[in-house]
Amino acid sequence: MANRYFPNLMPDFIAETPQPPPTTAAEEEIAAPGTQEQWIQDYTPYTGVLGTAFLLLKAYQVSNNKNDLNLAAEIVKDCDTASSHSSFNWVLMDCMGSRDVTFICGRAGVCAIGAVIAKHTGDNQMLNYYLAQFKKIKLSKDLPEELLYGRAGFLWACLFLNKHFGEGTIATSYTDAVVDEIINNGRKLGVKRRCPLMFEMYGEKYWGAAHGLAGIIRVLLEYDLKPDQSEDVKGTLKYMIKNRFPSGNYPASEEDRGDALVHWCHGAPGVALTLVKAAEVYRERELLEAAIDAAEVVWNRGLLKRVGICHGISGNAYVFLSLYRLTGNMEFLYRAKAFACFLLDRGHKLIAEGQMHAGDNPYSLFEGVGGMAYLFLDLVEPVNARFPAYEL
Ligand SMILES: [Zn+2]
């Protein structure tokens, strides 16, 4: 277990002398995109070039540099073509009946990000095109519920569009029916008064953000749930809190006894982000305390030997940013900055020395330095930071 992360030798907290706000916009050097052939192999925000477009959109929002926006628009156009014609991912995703539906791994992300970029470039024709394409996406009956490949990932894309274009862009009557379906399916595997909701993916009852309870519930918490649905969501979270590991970390699945993973995808970080949102929605002390406990695990075991946001230090830093936003406690901001400084000071050196893994897709948003760059951009205005493609 110990070789998954660096021991955290940084001080628990150092108070800062107040500084005037930065007067110059942050500049991020974006990795040059590859060839057309490389682009069309993977169009997802997760490991593909759409993640670079999402990062460029963030860079534009921070720096107001139109070059970033225009490059993002070009990339999305190629992702649009790729996701319409690519054989690579369609074969892969067709196995799960989900090639179109999610923000992080499907065509819904291409259309949603494309529409928002077109809004910023003032290209109404492309905006209408992407919105129309999004509305063509159909949910099949055999979809899973999870965030990466299932209904929750589709709902997140709808939330993203409604945030940028106004409530009702994707009609509530439509999304509410999807919410009902997720909860009804969760009740089939759940146990009333114990763990009311449960879901299965790849034959596993996952708890984490990518494939399991934490991710699905995080999305559901954005919706106006009916009272019985809301109680079941809260009851499921309380079951998770009650059954976490003695260390304070959360199992990757119902069957997990290993207490090894402290990732956004599996473990305390993904659950912590859901608990922060739940504390905001339900206003219960128990939920906030559980979020803070999970963040303590992230502080002690979250300096992972990887850089990205899915299972790396960058993603874990967002736990502290989320708690800082909710509580205003400077200790959490310090911890987010400490993780970011660790990456900034030592990330490239540790990767070059082979002590840290650059990620299977080293420039990607979720696995590679793309996620690290996104974190650095978010730290320009920490109070507005959001875990990319997950927090709204
Ligand atoms: Zn991961």
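Donors are taken here as N, O and S atoms within 2.8 Å of the metal (3.2 Å for Na, K and Ca), and water is not among the atoms, so sites may look incomplete. The structure is a predicted model, in which local features need pLDDT of at least 70 and side-chain atom pairs count only at pLDDT 80 or more, while totals for chains, interfaces and linings use all residues. Residues are numbered from 1 along each chain as its sequence is written, and side-chain values use heavy atoms, with hydrogens and water left out.

The zinc ion has as its protein donors Cys265 (SG), Cys310 (SG) and His311 (ND1), at 1.9 to 2.2 Å. Their spacing in sequence is C-x44-C-H. Distant parts of the chain are linked by Cys265, in the loop between helix H10 (227-242) and helix H11 (268-282), and His311, in the loop between H12 and H13, 46 residues apart. Helices are DSSP runs (H or I, at least four residues), numbered from the N terminus. Cys265 counts as buried because its relative accessible area is 7%, and His311 is likewise buried, at 17%; buried means under 20%, exposed over 50% and partly exposed in between, with a 1.4 Å probe and protein chains only.

Helix H12 (residues 285-301) packs with H13 at about 145°, the axes being 10 Å apart; axes are lines fitted to C-alpha atoms over the stretch in contact, and angles run from 0 to 180 degrees between N-to-C directions. The contact (heavy atoms within 4.5 Å) includes Leu288 and Trp299 of H12 and Phe320 and Leu323 of H13.

Conventions:
Helices (H or I, at least four residues) and strands (E, at least two) are DSSP runs, numbered from the N terminus.
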